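Me: I would like to go through the terms used for this model and see what each label rests on. Please set every value against its rule.

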Amino acid sequence: MIKMVSMDLDETLLSTDKFITESFKPFVEKLKSNNIIPVVATGREFYTAHRFVGEDLAIDLICNNGNVIRNNLSGKLEFVNPMDKKDVDLIMSYDDNDRIYSTIRVEREDEIDLLYKKKNFISFDGTYVDAFKGRNLAFDDFNNYEGYPLSIVFAGSHDDLVDLRNRMKKDLGEKFNFHLMKIKRQPKWMLEILQKKGDKFFGIKKYAENRNIDLKDVAAIGDDSNDVMLIENVGLGIAMKNGVEKLREVADVVSDYDNNHDGAIKILDKVLFGD
């Protein structure tokens, strides 16, 4: 019996134009009225996820690909899973291409989410980093900074990031997870590197354990490579119709509609309530 439902944001609950489906809030209340715990699990940081979900909705957000759990209403921190700073230094030792934007996602009390290296950010309007305006800090290097490092994100061209990923996976594949994803802003692609236990799956697992819920009683829906481990390991794994092929291959169910046609809520309603 499903006791908990995890929902992704981008390309799942959010349209391609980054609007959340209008049926989301009523569906959250429907889940609660049926004693099913709803959560949002996203690669995004808390403050952006909070804005998309809505400031008045009582729901927990599992952010930064499982590394942070916060309450949407209060912002109260339930869990943080930082990377070792030695691992950050190890990953940054591969940062040798000036065409690639180098950033660290962090958890801090002052709402700063992103640290970025100045090397190629003379002007960053319209870039990945600009999306964090007001919540980012620039550094000449990453030798000294405050906060819990959650993941390393490189942004650049697809080919440059594939080359970087392949080099690091060859040397460090046993130590880290790598997620290559398309983004809306320039330069279009991002490569996120997380510790092995820095995945959405582990965030959901921790959240479920805290509430004595078995993973077989969890349903999850997503669309991208950072959802694969989660979709594979819960009781009911659902892929979006617009999801990447690897995710659709491991899912128990694939939605009938894409993210621009309310696909997430429609398939969840169908499989959970027969609607």
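Me: How do the residues of the lining of the second largest pocket divide into nonpolar, polar and charged?

Reply: They divide into 6 nonpolar, 4 polar and 8 charged, where Asp, Glu, Lys and Arg count as charged, Ala, Val, Leu, Ile, Met, Phe, Trp, Tyr, Cys and Pro as nonpolar, and the others, Gly among them, as polar. Lys169, Phe178, His179, Ser225 and Lys246 lie nearest the centre of this pocket, which is lined by 18 residues. The model is predicted, so local features need pLDDT of at least 70 and side-chain atom pairs pLDDT 80 or more, whereas totals for linings use all residues. Numbering runs from 1 along each chain, and side-chain values use heavy atoms, without hydrogens or water.

Me: What makes aspartate 96 and arginine 167 a salt bridge?

Reply: A side-chain nitrogen of Lys or Arg must lie within 4 Å of a carboxyl oxygen of Asp or Glu; here the N to O distance is 3.0 Å, so the pair meets the rule. Arginine 167 also meets aspartate 163 in a salt bridge, at 3.7 Å. By this rule the count comes to 24 salt bridges.

Me: Why is aspartate 96 called exposed, and arginine 167 partly exposed?

Reply: Exposed means over 50% relative accessible area, buried under 20%, and partly exposed in between, with a 1.4 Å probe and protein chains only. Aspartate 96, at 53%, therefore counts as exposed, while arginine 167, at 29%, is partly exposed. Aspartate 163, with 44%, is partly exposed as well.

Key:
1 Å grid on protein atoms, 1.4 Å probe; cavity = no way out; pocket = protein on both sides within 12 Å on 5 of 7 lines; lining within 4 Å.
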